[in-house]
Amino acid sequence: MINRQRLVDEFVSLVGIDSLSKKERKMADYLLQKLKDMGFKPYEDDTGKNIGGDAGNVICRVKGSKERPALLLMAHMDTVVPGLDKKAVIDGDIIRSDGSTILGSDDASGIAIILETIKSLKEDNMEHGDIYIAFTVCEEGGLLGAKNLDLSKLPVDFAVILDEGGPIGTAAVKAPYYNRFKVTFKGKAAHAGIEPEKGISAIMMAAKAMASMPHFGRIDDESTSNIGIIHGGEARNIVCDACTIEGEVRSIEKDRIDSLTNEILEHFKKTAEEMGGTTRIEVETEYPGFIIDENAPIIELLKKASETSGIPLNLVSTGGGSDTNIINDAGIPAVNISVGMEKVHSTEEYVRISDMEKACHFLTAIIKAAYSYNY
Ligand SMILES: [Zn+2]
């Protein structure tokens with residue numbers, strides 16, 4: 001049986017542990033001990049060393065019937081800032097922070113729900129297939145834990161990531177590709193008062209290029225772009241010779257993101273050249289997108305779980321990236337299900353206890369559906 005009080009106590013303990021990206025040591029130690037106490041043999045991989053963090057991913061196998069489909073359950077250990085000295089404040093059904101930090105239900109809810117579901121399943125001697133748990137590091141800092149996860153050691157058929165918002169029963173089955181770019185506009189320096197005509201302002205070049213961008217903000221239902229950082233100039237009296245902007249493009253379809261990114265970057269280059277300047281362009285795909293077909297087996301599992309639990313299924317397309325993108329890209333069908341977190345990445349973040357409890361029931365139903373799935 002899902003134990004509401006035990007779930008809340010676990011969540012509150014997790015919130016109390018500092019676990020910023022690349023500084024997940026305390027959280028990893030806590031979870032390694034917790035899983036040992038539950039009778040498992042968890043281990044930590046060497047991701048910490050590879051990414052310059054102080055902890056690796058925490059991985060654990062919950063042995064089940066080998067004849068049945070195996071599941072990977074994932075949640076991330078790290079949080080965004082301000083995330084030090086977090087305190088969970090319980091107010092009826094709602095848990096929030098004291099207002100000075102985030103709460104970190106992104107993704108402590110996911111961890112607490114996985115732990116409670118596994119405890120309850122063991123107590124009830126529920127039949128299940130092999131379950132692998134991966135608590136990842138540095139999701140918020142570029143999905144680095146998932147990128148470094150050795151999936152060859154995790155022989156699974158399906159993955160369920162617990163790191164989404166929305167009503168319980170929500171599952172993200174589409175997420176965008178993500179390209180980031182950095183463009184340095186190069187002009188020519190000159191004294192701004194004595195001979196400005198000899199200079200070429202990189203700031204004006206960047207300004208003109210951005211003001212006339214072919215795509216910005218919401219492009220279509222499944223595509224967005226943004227410029228988030230701008231740097232340039234040394235002094236008021238110097239015509240600026242270098243100005244750097246950093247931005248991103250997201251889109252669900254590979255062809256679409258490639259053409260949008262090219263159009264934007266070509267526009268920057270052309271604008272700079274028209275003004276007598278040049279550009280240095282760096283562009284990188286930070287993570288790939290994914291689209292799960294509505295007839296895919298993993299969707300069948302979700303539909304079955306929804307039927308048996310009575311929790312309505314809500315398949316959505318998300319604009320954000322998560323560990324789910326990386327797992328899908330590696331060839332393991334993965335969905336990201338809601339843990340009830342609200343207003344994440346803000347000090348107003350909160351989660352409902354009843355939602356976390358419901359998510360435990362939904363996850364239990366998914367595990368049962370996987371056990372009875374014929375593949
Ligand atoms: Zn998250």
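Which loop holds Gly-64? Keep the question in mind; the tour returns to this residue.

**Before you start.** Residues are numbered from 1 along each chain as its sequence is written. The model is predicted, and local features need pLDDT of at least 70, side-chain atom pairs count only at pLDDT 80 or more, and totals for chains, interfaces and linings use all residues.

**Whole protein.** Show everything as a cartoon. The C-alpha atoms fill a box of roughly 85 × 45 × 40 Å along the principal axes. The protein has 10 helices and 17 strands; helices (H or I, at least four residues) and strands (E, at least two) are DSSP runs, numbered from the N terminus. Of its 375 residues, 47% count as buried. A residue is buried if 20 or more other C-beta atoms lie within 10 Å of its own, exposed if 12 or fewer, and partly exposed in between, with C-beta atoms placed from the backbone.

**Two domains.** Select 4-175 + 289-371 for domain 1, then 177-287 for domain 2. These bounds come from an automatic or database domain assignment. The C-alpha centres of domain 1 and domain 2 are 37 Å apart. Where the domains touch, domain 1 supplies 10 residues and domain 2 supplies eight residues. Two residues are in contact if their C-beta atoms, placed from the backbone, lie within 7 Å.

**The core.** Next select Leu-71, Val-160, Leu-162, Val-335 and Ile-366, which touch the most other members of the largest nonpolar core, a set of 100 residues. A nonpolar core is a set of buried Ala, Val, Leu, Ile, Met, Phe, Trp, Tyr and Cys residues joined through C-beta atoms within 7 Å. Now colour helix α10 (residues 353-371): the largest share of this core, 10 residues, comes from there. At least three residues of the core come from each of domain 1 and domain 2.

Centre on Leu-162. Leaving aside neighbours within four places in sequence, its contacts include Leu-73, Met-74, Gly-110, Ile-337 and Val-339.

**Back to Gly-64.** Gly-64 sits in the loop between β2 (58-62) and β3 (71-76). Is Gly-64 buried or exposed? Gly-64 counts as buried because it has 20 C-beta neighbours inside 10 Å. Finally, draw a distance from Gly-64 to Tyr-132: their C-alpha atoms are separated by 9.9 Å, although the two residues are 68 apart along the chain.
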